[in-house]
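Thanks, everyone, for making time this morning.

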Amino acid sequence: MEEVLMQNKKKKLYSAIKIFCFFFLLLVFIIGAGKITKRKESMKKYADFVELADQVDVLFFGSSHVMNSINPVQLFLEYGITGYNMGKSGGKVPESYWAFMNALDYCEPKCVVVDVWALDKDFHYVDTRNEGESATIDETAISFLHDSLDYLPLSKNKIAAVNDLIEDKETRKEFLWDFVLYHDRWSSLKEEDFRPEMYKANSHYDLGSFTGYEVVPNLNIFQVDKVDDVLPEDTASVQYLHKILDECEKRGIKAVITFFPLSESYELDWMATNTAEKIAMERGVPFLNMLPHDSQTVIQYKTDMFDSIHVNANGMRKVTSSVGAYLHEVLELEDHREDPEYIAWEEKAGQWQSKEVGKLLDETNLYIKLEMILNLNANAIIFLRGKSPAFQDSLVQEFLMQLSGTTSILEAADCNGPYLLVRTINDDEVEVQEYVGEMQIESMETILGDTNYIAMQPFSAIYVDGNQEYNYLDMEKNYESSVQIMILGQEGEIMQQFYVRPEWNGSK
Amino acid sequence: MGIASLEFIVFIFVIMAIYYVVPAKLKNIVLLVAGYVFYGSQNWSYLLLLVAATLFTYCSGLLLEKKLDNAKKAKTIVLVTVIANLFVLGWFKYINFFTGGKIESLILPVGISFYLFMSIGYIIDVYRKTVEAEKNIIAYAIFVSFFPIILAGPIERAGNMLSQFKRTYLMEVKFDTEKIRDGFVRMLWGYFQKLVLADRIAVVVNAVYGSPEKCGGAIVILTSILYTFQIYFDFAGYSSIAIGIAKVFGIEVMENFKAPYLATSIADFWRRWHISLSSWFRDYLYIPLGGNRKGISRKYLNIMIVFLLSGLWHGAGWNFILWGGVHGLYQVVGAVVQNVRKKMCDLLHIREESFGFKGIKTIITFCLVNMAWILFRVTDMEQLLCIIKRFKEVWIWELFDGSIYNLGLDKANVHLMIWGIILVIIVDILNEKGICVSKCIANERLWIRWPIYWGTILVILLCGMWGAGFNANNFIYYQF
């Protein structure tokens, strides 16, 4: 009898172990499948943040304006400030608040920069907006929120964020266990879904920022006249701004409010900035307002906008430099460039630079090429042949004026060229040599060496070190080319010779 | 809480844990509470209707048993109970249809057609003395509200179920790992049919039926075939889930589908399709109408009545009645030409039992069923005419020129759908030959068995059409 009981016990124990093993392994497989099918966009943006969080001194919150305006890599290269761009597409202040609260689980920043675009919005749910906005917008807003929350494991703050930002209970589920949503990706999986190391390699984010390179040839610039009104009531966004400032106060974090440039702005934007200014005064925090068209001198709309509301790489460089100067000089954030503990930031910067150089060499659009030369401070020789249509192109003129720091290109346009610009960087100092019109110069010193320059409208040449066998300007195969650009390395070695096709007619 | 939702899976595990942990005498309470919680989660206000229907039929049953000696009174009680149940069903489901839209239907309580039919079946069984009136109200309430079957059947019989809901029976239900495993495997098969296949096919079917005028004839024909599979996988999938869950709780529920598309005649099809409903109509309508006992003409009339009402049961719409009528007609015509067919076979020396002849009969039956399903699926006459018009413009190559990938499913999904259909057909053929695939797997060694189970679960989780539904277009990176 006892033996039977023992046997029964053993059998039950064996069954229990088997059931446990079955479900444990099943769970492992499900978790694995979840990791594979998960959309990697969020991880791409925040992987570096998770890795470097304990060294981050400043966090930038806001919308795509922030993503496109602040480049933390440049911030480090220029000022040694360690920052991360937490901006998210379509992100309003309530979303910034929750991004901030979740980021605090990872780091203790010394400073927080909050952009207050859409301060007038009086809702905190992203899935149910004001009446009149279509369902498509809701879905897009939900997808944007996934970009900023998916990287986070389940935590108290994440659950609170989801409950506060998503009204629909069904939709909440897809944030708390995203397998609910992403399992459908089984049919569109790529290699990077199976290889975690590829997320970052294929990322288009740089420490959370996103660079737009396009230049808008006929950008609409529209700025309403300044109004003095503030927003009529405490909107949800205003309330969440106060919550961010409260949290900063509580934790001893310096806060900065910003409003990044828009080439089109309306009364509401003014009212939002007036409100932000008022709050900043009341709370004793700085407000960097880049909205006003007349007084903002940070960017030039014509060359620095990706579209009417986002800055491009050129604008990003300028905004970052401006904000960085404030953080460095006024808020005295530390320079970590010489600190060996921050070697990882040096590495990221190095990776960014080589990636950008690669993009510069791959670029075929003249405007973007000029923008990138400017942006990367690359050594370059730019030649516009006589009667080139580029002389009459206002965007080319604008870029060349920014590259040279002079207005010589306008003189060249008057006489129809030729025009030569040799731009060299020595210890971060820009050295410019410009030659306008027909001429012949012998033995001038350029980055290429001892250079002879012959400039005639039908024919031009650059000979180096007396070697007249090799003309650095291609006057044979690319004779008709409107613009010739040579990208040069540190030692003057030619990295690329780029020719703008003869039929190029710019923005027309 | 839908049967294909995560909440339902969690619900099953929680109820199962409670069911096997509580003292045996409380198992019936657990089942009753589970049934009411599950039904209430659909819409709490309709729980009242369920409780009222349960109490009404329960009391009617008791009263009827007392009056069984008095034929007139007994008949009256049965009639009142049946009519009351049908009135409730009619009020909720058909009022709009029968008044030509003059009275708006209320929101249809889910599962009402199923539990009211079960109640009607019960009272008639008591009248026929095939079952005794249930004295234990909890057992009877579980019978009406048994959560695996309340939403979509099978339409169980009191004779089969009531004895299983008695406390004495439930007390004997032990935690039997093999039975529970079999139950879960059956559920997996159901979820595979429903989530991986039926809901996937639905994407194509909805796209084509949504705008048939934009599709070629070949695609429309293919879609009608796909719909034939969709409705089978959907309904049979649900039945498998219900049967599987019941098994997990130690309750045996009747089979509802037996490889219906392998039927060799329409009559055979109805012996295999939605068996619980067709047998309900046979037992509670066809036979009381006289069945085949009152002459050939009356038999045909009875068949037509049964199938027209069966059509109406499926939905309050002329297309459903038409669909039922077509099936009735198929049967009548089949019976009329039966002798001619037999004589032809004799004349041509065709062996009716031969594989080839059976195959041809199966294909013809499938085609007839398939055509009738078009009536079932269309929403109005205009759509039906449009589809018929498309049939005249068949260009077979459009099946291979990639058009099918533009109907809401990409290549991988279409391939999955096709292989899934093939798999179910194979399983049905094996079942037909008496080979039970789940038993074969269960008899395999652990290292073969477990990966099959894991694989099936992962396929359902990954490829099943559940959850929010990822639409890459919503996730295209919009910076602006």
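Predicted model: local features only at pLDDT ≥ 70, side-chain atom pairs only at ≥ 80, totals over all residues.

Residues are numbered from 1 along each chain as its sequence is written, chains are lettered from A and ligands numbered from 1 in the order in which they are written, and side-chain values use heavy atoms, with hydrogens and water left out.

Let me begin with the domains, whose bounds come from an automatic or database domain assignment. Chain A is divided into domain 1 (1-37), domain 2 (42-352) and domain 3 (363-499). The C-alpha centres of domain 2 and domain 3 of chain A lie 38 Å apart, and 16 residues of domain 2 of chain A are in contact, meaning heavy atoms within 4.5 Å, with 12 residues of domain 3 of chain A. Chain B is divided into domain 1 (6-175) and domain 2, which is made of 176-255 and 402-466. Here the C-alpha centres of domain 1 and domain 2 of chain B are 29 Å apart, and the contact takes 30 residues from domain 1 of chain B and 18 residues from domain 2 of chain B.

Now to the sheets. Helices (H or I, at least four residues) and strands (E, at least two) are DSSP runs, numbered from the N terminus, and two strands pair if DSSP finds at least two bridges between them. One open sheet of chain A has five strands in the order 2-1-3-5-7, with parallel pairing. Strand 2 (83-85) and strand 7 (287-289) of chain A stand at its edges, each with a single partner strand, so one side of each is left without a neighbour in the sheet. The twist averages 15 degrees from one strand to the next, where axes are lines fitted to C-alpha atoms, for helices over the stretch in contact, and angles run from 0 to 180 degrees between N-to-C directions. Within this sheet, strand 3 (residues 111-115) and strand 5 (residues 254-259) of chain A run parallel and are joined by five bridges, and the bridge partner of Asp115(A) in strand 5 of chain A is Thr258(A). Helix 12 (residues 236-251) of chain A packs on the sheet, touching strand 3 and strand 5 of chain A, and its direction makes about 155 degrees with that of strand 5 of chain A.

The other open sheet has five strands in the order 12-11-10-16-17 of chain A, with antiparallel pairing. Strand 12 (429-436) and strand 17 (494-499) of chain A are its edge strands, each with a single partner strand, so one side of each is left without a neighbour in the sheet. Strand 11 and strand 12 of chain A pair in the antiparallel sense over eight bridges; they form a hairpin with two residues between them, and Asp427(A) in the turn has a positive phi of about 50 degrees.

What is the volume of the largest pocket? It holds about 1600 Å³ of space, a volume being the space filled by probe spheres set on grid points that are joined across faces, edges and corners. A pocket, on a 1 Å grid over the protein atoms alone, is an open set of points where a 1.4 Å probe fits, with protein on both sides within 12 Å along at least five of seven lines, and lining residues have an atom within 4 Å of a point.Of the 43 residues that line this pocket, the closest to its centre are Ile19(A), Phe22(A), Phe23(A), Phe13(B) and Phe184(B). Helix 1 of chain A gives the largest share of the lining, 13 residues.
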